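Dear colleague,

Please find the structure below, handed over for your records. My findings follow directly after it.

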Amino acid sequence: MVAIHTFPRTDSLSQPWCWHCDVMTKRPKPHATFIMQILRVNKIKVPSMPLCGFLLFCFQISHMVSSGDTSNIYMAEVLIEGNSSLDVANFLSGLDQLIIDSATIVEATMTGQCEIIGKDTTCWCEEGYIWSDTVCDKVSTCCNNYLCMADISDSIPLCVPQTNVSIIGTITMTTATDYEPALLSSFKLLNGFDSITTTTPQSGIQDFIVTLNATFKTEKLQKLITTLQANYSNIITVNATSQGLVIIEVPPQKVCYNSQYTLNCSMEEKMDTCMWQVTRPGQDPQIIGAGSEVILSASCTDRTTISLTNITWFWAGIYTCMLTQGSVSHMASAELKVALLPEIVNVTSTPTNLDCTAALDVSFNVKCSIKTSVENYTVTLNDVTPQQSVYNNIIVYNKTFTIHCNKKSVPSPEIIGCKITNSVDQTRTVNLSIPIIYPGDEFCEVDGIWPKSKNGTTATILCTELGRLGTIIRTCNGGVWGDPVSFCVKQEINVLTSTAGDFEKGVGATQDQAHSIFDNLRNTTGNGNITYGDVSSTVSVFDTMSRASVRFTLNESLLPNFIDSASNMLNNSWVSGDDTRDGALASSYLSSVETLVHNIKLNTNDGYNTSNIQLQVCRQSSVCNRTVFNVDLELNSSASVVKTVGLQSLADRLPKGDFKDSIFPSLVVSVTTENRTSPVNIRMGFSVGDSSNADLYCVFWNTTEQQWSEEGCNLTQGSGDFRYCECDHLTSFSMLMSRTPVSLPLLDEITYVGLGISICSLVVFIIIEFLVWNAVVKSNLSHFRHTSLLNISFCLLIADCSFVASSVESILTDTLCLVLVLVKHFFYLAMFFWMLCLSVMLLHQLIFVFSTLRKKVYMILSYTIGYVCPVLTVGSTYIYYNKRTDVSYYSRSTCWLTYAGTLKGSLFAFLLPVGIIVFINIFCMAMVMATLLKPGAAESNKKDNKEAARSIIKVIVFLTPVFGGTWILGLFVFLLDPKSFSSVLMQYAFTIVNSLQGFLILLTGCFAEKRVRDEIVKLVLSNNKNSKREGKTKLTSVAKQ
């Protein structure tokens, strides 16, 4: 408003009059911002009458139109001497077209008058105007009275246009009390008070509505509320919201679909907080926050705005803006109308495939279905107007077409387009491609509810299960139907999908709403009976909420519900028959879970664990050490918060990319940080088991490229079977058997030559093991294997040396012979028990792939079995037979154990343990070979029969020496008739292979292992060049076979 005042001084005999008037000015172009400014003009001359004095202009904007020329209403006051005031019409008309500060006055209207007689002043407002707050604050007795007997002629403004303003409020109280009299007494002090209406107090609440004919200042209403609360201790709170003080700018006409628009709200006072709400038909008001399709104004003063960046049906509704200060709010509402287009358009054909194998002409019916809408659509099918019908709030447009089955040179499907046009001529077209089965084409026959379909197409039917919505699909490949894949989704999950979509866009984006989404998701996914469609929709909710969490901070109260629902998903199958689709689903799941874990604000929570997900948190520590699912993690970072999450049963669901032939563990480890100011170094320790025959890679999931990558990660050595990934970025990481002495030609020579070779080989093997131990033993499994091999070799070396020594009769005494028998008995048994440890360890790893033995447990068990069991066996046998007089413990002539018949003699204290162990070891070998021959394994590793046979031969060659498989020949020697030809052959075979057992162990346990060979080559080259070369190896949570 602009006030114009003219104040010439008069003597006591004159009767000056003061008129207040509205002045309409017109500016040549709109202004976005107006500020208070004062312009003084020394003198204005009006042709119709003399006028002396000055004119004061005070500019204050009340409303602005945003397009075209801008017309603003200002308030002005003119004071004129003497009786000339009786004729002001000519004066007001003389103000027309007056140029003031680039504004043209186009209309002037009288708003109030003051009569000044001497020291007495009487003022009144013209019809349609009321005293301003300035007058009411200056002279309270004038407020709400027609005449004012006070000198208020210098008040700016004097009178203001009457404005319909209402105040809607609520009183909360401790006990039900009717406060209507108190409210009336308080609110009648407001300028322009008209009436007050109250409700009957119920449940400690009383509502009231106050109507006014004038505006008011927020501070004044706040003082009234504060005084009311201070005077009545029973009142807890008083909240009041006005309507009529805020101007909301919304386009009166429909806006285009997918357009952009900014809504504005403004008032004369600056406020503390601002809020926007939208109300759709049939729904409660929902708060609008920052979202993917809405931008809120950064600050809240006397103006607030929201910019809608993609207006669809979603944004049509009644908008309310609310500006608040203390207990007082001011609001305004207006409807935003949108020229709609349907979001979902279903186009179907009956039949779904056109069969040209039985007829020359085929008719088919096409239906285009959309939801009913307030928009008046125009719909065509291939530019033809179809028939229209309505079923259950669904509008169905259908048309029957006919095709001629004259086969084309290049057969193509029939294309039908459904074109929908709205009231502003915007269109949306959805095309349906209908497959045509021509003679000679491959197809799938009708199978129950599944129609005849062309090869390579996917048939779709609607869900019929109660409480689910969606479709079931089935693909025809090679003339054979695939398994149906259900995209039927629980109604509860569909609702959550919609709610999460609203949340992301900015509607209903509150902490309570976010908590409700994850709470319902946990309950829904934990009830079982989850389809692929349920999994896909749930992952979609995670993905939506993860995007929303970038703009809206989620607090830690929802963490348990989120982790529980995410863990529930990993208990279900994600297989649809489409590897690309399944891989994309797993990738989306991982990305959304990582983002949510990162963006959820944790203040005091130190983590949360479930059966499939473990979350651990470090705070304010330069070094973070945590363990998730037996994966040790160490991170050096300046981050204030480090979050480590492990996800079971996920790695093998992600696309394998360049690692198609690799075996993936079930675990993925992800690490995120907050407020990091320096580079991060992360070290993750994985137990990789027996990886001696595998290449290892340290990989992370590249969310940008959607594939595994090795970039930025390197290998470090750990103890036992542990390997460490060190990365500079964060990753979503993961053996003598015979009953009687035998004398055969060359048998002794063969024995001693073979033993000599074995002894030398065992010495070489032990030396090599010590030289390359640190380089090759980098995991628990490799530690177990090489520990077993080293002990087997050591025991066999001592036993073989004792065997050779016992054959030198010249040095043998009774005591030495006994000692050598005890040594041979003990160390040969120890060798077999260590073989047992090795085979059992391999069998355990084969059966329990992801449950590796702990190093401490294995070492205790293996040394107990490897040495304590032989000690007990040898000791008890010796004590037992030493007490007997019929059978002794050893034979002085053979310097070996005795045999006195079936299960008689100390020899059985050797044969029985060895026989049991050998058969156990052979069983373990058979399990390995059976695994290699499994169809699944053959298919996954793409091996043909020759490769499988080659693998089995390798298993037999490599494992037989270290599993004691050659000693089974000794059992045949024991069981067969010593004089038979078969026994002789067995004697020679047994002597050859077992005397060379040390040599075979050197070949299979040392030189056959690539890592050992590589280290030997390095040692040789290092010695030749007198320099050391460092090999760079990469480590991983994935073992590539």
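N422 sits in the loop that links β30 (414–421) to β31 (427–434); strands here are DSSP runs (E, at least two residues) and helices likewise (H or I, at least four), numbered from the N terminus. The model is predicted, so local features need pLDDT of at least 70 and side-chain atom pairs count only at pLDDT 80 or more, while totals for chains, interfaces and linings use all residues. Residues are numbered from 1 along each chain as its sequence is written, and side-chain values use heavy atoms, with hydrogens and water left out.

N422 counts as buried because its relative accessibility is 4% (buried means under 20% relative accessible area, with a 1.4 Å probe and protein chains only). A polar atom of the N422 side chain lies 3.4 Å from the backbone oxygen of A339, and a polar atom of that side chain lies 3.3 Å from the backbone oxygen of L340. Beyond its neighbours within four places in sequence, N422 is in contact (heavy atoms within 4.5 Å) with residues including L341, E375, N376 and Y377.

Helix α6 (residues 511–525) packs against helix α7 (residues 532–551) at an angle of about 160 degrees, and their axes are 12 Å apart. That angle makes α6 roughly antiparallel to α7 (over 145 degrees counts as such). The contact is made by A514, I517, F518, L521 and T525 of α6, together with T538, V541, F542 and M545 of α7.

Yours sincerely

Notes. Axes fitted to C-alpha atoms, helices over the stretch in contact; angles between N-to-C directions. Parallel < 35°, antiparallel > 145°, perpendicular 65-115°, else oblique. Buried < 20%, exposed > 50% of the residue type's maximum accessible area, 1.4 Å probe, protein only. Polar contact = N/O pair within 3.5 Å; in protein donor to acceptor, adjacent residues only side chain to side chain.
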